[in-house]
Amino acid sequence: MTTIYVPGDSGALSLGADEVCAAIGREAAARGLEVQCVRTGSRGAYWLEPLVEVACAGKRIAYGPVSPADVPGLFDAHWLEGGAHRLQLGEAGRLVWFANQQRLTFERVGLTDPHCVADYVAHGGYQGLRRALSMAPAAVVEQVLRSGLRGRGGAAFPTGIKWKTVLEQAAGQKYVTCNADEGDSGTFSDRMLMEGDPLSLIEGMTIAGTAVGATQGYIYLRAEYPHAWRTLTRAIAAAYAADYLGADVMGSGRRFDLEVRLGAGAYVCGEETSMLESLEGRRGEVRVRPPLPAIKGLFGRPTIVNNVITLATVPLILREGAEFYAGFGMGKSRGTLPLQLAGNIKRGGLVERAFGLTLRELLYDYGGGSASGRPIRAVQIGGPLGAYVPAAQFDTPVDYEALAAGGAMLGHGGIVAFDDTVDMVRMARYAMEFCAIESCGKCTPCRIGSTRGMELLDHIIQGRDPRGNLERLEDLCELMLQGSLCGLGGMTPFPVRSAVQHFREDFIGRAQH
Amino acid sequence: MQTPAVDQSQEVSRILAQFKDRPGPLLEVLHAVQAAIGFIPPHSIGLIAEGLNLSRADVHGVVTFYHHFRSAPPGRHVLQVCRAESCQAVGGEALAEHARTRLGVDFHESTPDGRLSLEPVYCLGNCACSPAVMLDGRPYGRMTPARLDGLLAALNAPADTEA
């Protein structure tokens, strides 16, 4: 019996992984060979997907990208014995793309069966929770604090401080919530993790629960991720069946329950207070802060709100210790960040590295330049509310503070590349349009400002009074930035202003029509 | 075939009984109703409001706030085309335009024969394989106008009988 690993990640599925798996089954049966296909997550090298690995003499030999039509030829080449074939890549882990990565949060993604608790435990899973259960709650929080872990959802707030605040609230019902409303274009690390290693998120939330005295967790998952929903619910059921969730977590006598709640297609619910409103069954309108969710959150109770990657990193921190994690990174950005390369890029995918590498390394060493072969003119970092960064700034290190100093933000670590055919006025207009579509409507600068911004940019596109309209656009951006209740209206000016600042030639001198 | 209104009401009542005692149940109820019926029938708003001790305005407000919830039946197939930045960077807008022209409908509309609804989506999280679309919940990456034509033609095949 030979084991073949075929990704079941939705990115791999979108490139035909299910069809490849079926073809392997058919071909093996026709040849009377015994194989079992294990569906894993994706290793994140999407230009090689579907990336199939064959277990052979204690190694995993990779072949990719495999199409169903390649399968008979792979059997002909004796791939079950590691036979040579034009698609053979050798051991996946030794490819330059992977060998230079520092996979901590993603240590198991693409390697293990996401639904299998035994596989998870065999690869270092649940050691963190075991350790946390043997410690005082304050000591667990102290570990997270000392690791330097900051919120990976985008705001980069120190996770340990958030947890400490919840811990310090009077005993009573508290909640751990996971913000899995990954709506930023160019980001997919939450999805990959939930589809590839959901038990690490489940373990992280359980650790959070035991650390702050919360007995109930909710994962707020966006409706656009039906595949992640299936993986998560299966993994949660498996964790319950093995007593890693429920009334007696790992025999500790402590309770932690966890369920997934589906969002319904509202970008603004990625904002933490909107998410809480939505979890309570209401319109996802932002709440005015204070009070902070850590003091008065879900159903008015003290609540941790953390991103998927943040929570999924906690088990490793508890297992290896705070110092181990803090040993990676630069400045105040400690640890690693799973970066996502997207858009017009030759080798798109997930690169987990310690903070400090440059955008250029990411775009050219990992990404291989643009997919179109044309020069990369701009990248948008951190989603639709992130700034556009011009090629002149590609030597900036990936670090929260270094990017902020250049007027950009790292956000959730998604990087979308554009070649030199991009029209930056249209991208600025799209930023305003997206804000108008997704505005919750609660505050005027966001609700009305975004539509006025679109109109101004339409005038500029038509070449009408560009200088006057740019002045009005700047005034509007300042108002949205200062006057909006949350990041949606308050940060839409970032892509708009950065487009104007770095690509002014696109805005002025257009033919009038 | 659309479910008769009386069956729909029974379905909604069953769902309410299942979810009403859970914390913050409205979105869960709406998801379950849409999964069972295909949309949120306007006549069920009052029933849901009563069942959860909310006002009709509360329920209507939630249904209309979220892009995912529909107040009218969708086509038998749903094609979601991503229109966000990563897909725009590699021809997503041309693909969107192609879909509109090919189907003869705009976004948020269904073909006159009720076979397919065209919907925009702002990120499917498949950005390393842009442009991305989803057809009936199945993801497809690196989409081109020609491949999209192939997918749509497959829907016309005889196997695609009345759902």
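Me: Which domains does the domain assignment give for chain B?
Reply: The model is a predicted one. In chain B, the assignment places domain 1 at residues 5-65. The other entry is domain 2 (77-155).

Me: What distance separates the centres of domain 1 and domain 2 of chain B?
Reply: The C-alpha trace of chain B spans about 50 × 35 × 20 Å along its principal axes. Within that trace, the centres of domain 1 and domain 2, taken over C-alpha atoms, are separated by 30 Å.

Me: How many helices and strands does chain B have, and in what pattern?
Reply: The count for chain B is 7 helices and 5 strands. Read along the sequence, they follow the pattern α-α-α-α-β-α-α-β-β-β-β-α.

Me: Which strands are the edge strands of the sheet in chain B?
Reply: The sheet of chain B is open, with 5 strands and mixed pairing. Its strand order is 2-3-1-4-5. An edge strand here pairs on one side only, and this holds for strand 2 (109-110) and strand 5 (138-140).

Me: Which residue of strand 3 of chain B does Ser110(B) stand opposite?
Reply: Strands of a sheet pair through backbone hydrogen bonds, either parallel or antiparallel. Strand 2 and strand 3 (residues 116-121) of chain B pair in the antiparallel sense, over 2 bridges. In strand 3, the residue opposite Ser110(B) is Ser117(B).

Me: What share of the contacts in chain B between residues at least 6 apart in sequence join residues at least 24 apart?
Reply: Contact requires heavy atoms within 4.5 Å. Among the contacts of chain B that join residues at least 6 apart in sequence, the share joining residues at least 24 apart is 61%.

Me: How far apart are the mean positions of the positive and negative charges of chain B?
Reply: Chain B has 13 positive and 17 negative charges. The separation of their mean positions is 5 Å.

Me: Why does Ser450(A) count as buried?
Reply: Ser450(A) lies in helix 19 (residues 449-461) of chain A. Beyond its neighbours within four places in sequence, its contacts are Met432(A), Cys435(A), Ala436(A), Pro445(A) and Met480(A). Ser450(A) counts as buried because its relative accessibility is 0%.

Terms used: Residues are numbered from 1 along each chain as its sequence is written. Chains are lettered from A and ligands numbered from 1 in the order in which they are written. This is a predicted model: local features need pLDDT of at least 70, side-chain atom pairs count only at pLDDT 80 or more; totals for chains, interfaces and linings use all residues. Side-chain values use heavy atoms; hydrogens and water are left out. Domain bounds come from an automatic or database domain assignment. Helices (H or I, at least four residues) and strands (E, at least two) are DSSP runs, numbered from the N terminus. Lys and Arg count as positive and Asp and Glu as negative; His and the chain ends are not counted. The place of a charge is taken as NZ of Lys, CZ of Arg, CG of Asp or CD of Glu. Two strands pair if DSSP finds at least two bridges between them. Buried means under 20% relative accessible area, exposed over 50%, partly exposed in between (1.4 Å probe, protein chains only).
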